[in-house]
Amino acid sequence: MTPTDLLHRLSGLLGLGGRNLRRLHAPDTGHDVIAAFELFVDRAPSRCRHGHPISVKTIQHYRHALSYLRAFVEENRTAPLTFADLDRDFYEHYVTFAYHRHLRLNTIGNHIKTLKALVRSQPQAIQNLAWEFMRCEGLREETDAVVLTEQELRHIAVFPLQSPLLGRVRDLYIIMCWTGVRYSDLWQLTRDNIITDAKGNAYFSFRATKTGRKSLVRIFPEVEAVLQKYDGGRSLPRIPSNTRFNRRLAQMLELMAATPRLASLNEPITRTYTGLRPDGTIGYVRQTLPRWKLTRCHTARRTFATNMRLRGNDRDVICAATGHRTEAALSRYIKDTLLDRASRLH
């Protein structure tokens, strides 16, 4: 019997679970976080996660986190970083450091998760040293919480705009709101990618640039009306860069919000997210802005998913149009209220 087999048998007799068994395997690296992290990364290929070997991509994430932690220690400390140093102050200083290194919040969040996994892999006595760090909250991204109603979309579609540039952005945005496509797939919504079923219903059929997944989106009358403006849908307006698109979209919505029909775009929305505070540190920021200022390109995708759900469509049907792999992933795009959900009971 090998030492590993003996350890497994002993764990069964003692009633140890998988996590406790891994702790028996975990070497005591002392209190040096960098040394423990290096060993954690080196041994990653031999460990399992959720019943599967840790992937190469995950190990790459580990190495990325380790490289930034080394840089943080070199820049901010004269002594080695120990597990006893992992507290709230460390958490806030590291997040601020990574943010000013232009890392995205989700990347910084993954670094924090990796560090917490490292702590959990250590003996209990060392874990106890970092209890304050382990209780630190996760990062909140600046999420898009705005959804445009069908009535608002119809008012936006006929709003008189003097600027041809804004008019073209408006038309493209209406298409996005009624198809749920990403900005990166707008160029595919032409007559060349339209198919028709036996009942005469038309659909856009394309493969998403971001994921490679095939999407089939029904062409609603609101989309057909826009297509007819541009050579019967044979060509769409020139698509501006994402930055210019959002800038012109904001200009357009600000004009519309000043009118009685679209005054709802001025409704305030309060959001809390992780961002830059006035003192230069990173932490929770609370901000209240009118709806039109929080409306972006990606709002269109959320608008489509929510409005289709409010029409009573099942989530799997909406997934077929949006290209989401799972209904759980789609759920993050649907902004319906408790009353909306209750009204669908029958």
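A residue is called buried when its relative accessible area is under 20%, exposed when it is over 50%, and partly exposed in between (1.4 Å probe, protein chains only). A salt bridge is a side-chain nitrogen of Lys or Arg within 4 Å of a carboxyl oxygen of Asp or Glu. This briefing concerns a predicted model, in which local features need pLDDT of at least 70 and side-chain atom pairs count only at pLDDT 80 or more, while totals for chains, interfaces and linings use all residues. Residues are numbered from 1 along each chain as its sequence is written, and side-chain values use heavy atoms, with hydrogens and water left out. Helices (H or I, at least four residues) and strands (E, at least two) are DSSP runs, numbered from the N terminus.

**A buried arginine**

- Arg248 belongs to helix α12, which comprises residues 242-257.
- Arg248 is buried yet has no salt bridge, and the nearest side chain of opposite charge, Asp171, is 12 Å away; in this assignment Lys and Arg count as positive and Asp and Glu as negative, while His and the chain ends are not counted.
- Leaving aside neighbours within four places in sequence, Arg248 is in contact (heavy atoms within 4.5 Å) with Leu165, Leu166, Val169 and Pro240.

**Salt bridges**

- The whole structure contains twelve salt bridges.
- Asp171 is buried at 5% relative accessibility, and its side chain meets that of Arg170 in a salt bridge (3.3 Å, N to O). Arg170 is buried as well, with a relative accessible area of 8%.
- Asp171 also forms a salt bridge with Lys229, with the closest N and O atoms 3.1 Å apart. This pair links distant parts of the chain, 58 residues apart: Asp171 is in helix α10 (residues 164-179) and Lys229 in the loop between α11 (221-227) and α12.
- Lys229 is partly exposed, with a relative accessible area of 48%.

- The buried residues of α3 are Val33, Ile34, Ala36, Phe37, Phe40 and Val41. They cover an arc of only 160 degrees around the axis, so they are on the same side of α3; the arc is that of the directions from the helix axis to the C-beta atoms.
- Elements covering the buried residues of α3 include α4 and α6.
- Helix α4 (residues 56-76) has 21 residues and should span 30 Å at 1.5 Å a residue, which agrees with the 30 Å between its end C-alpha atoms; the expected span is 1.5 Å times one less than the number of residues.
- Buried residues in α4 include Ile59, Tyr62, Leu66, Leu69 and Phe72. Their cover includes α3 (33-42), β1 (48-49), α5 (88-100) and α6 (105-120).
- Arg63 is also found in α4 and is partly exposed, with a relative accessible area of 47%. The C-alpha atoms of Arg63 and Asp42 are 9.5 Å apart, although 21 residues separate the two along the chain.

- Strands β6 (residues 268-276) and β7 (residues 282-290) pair in the antiparallel sense over nine bridges; two strands pair if DSSP finds at least two bridges between them.
- Thr272 has Arg286 in β7 as its bridge partner.
- Five residues lie between β6 and β7 in this hairpin, and Gly280 in the turn has a positive phi of about 90 degrees.
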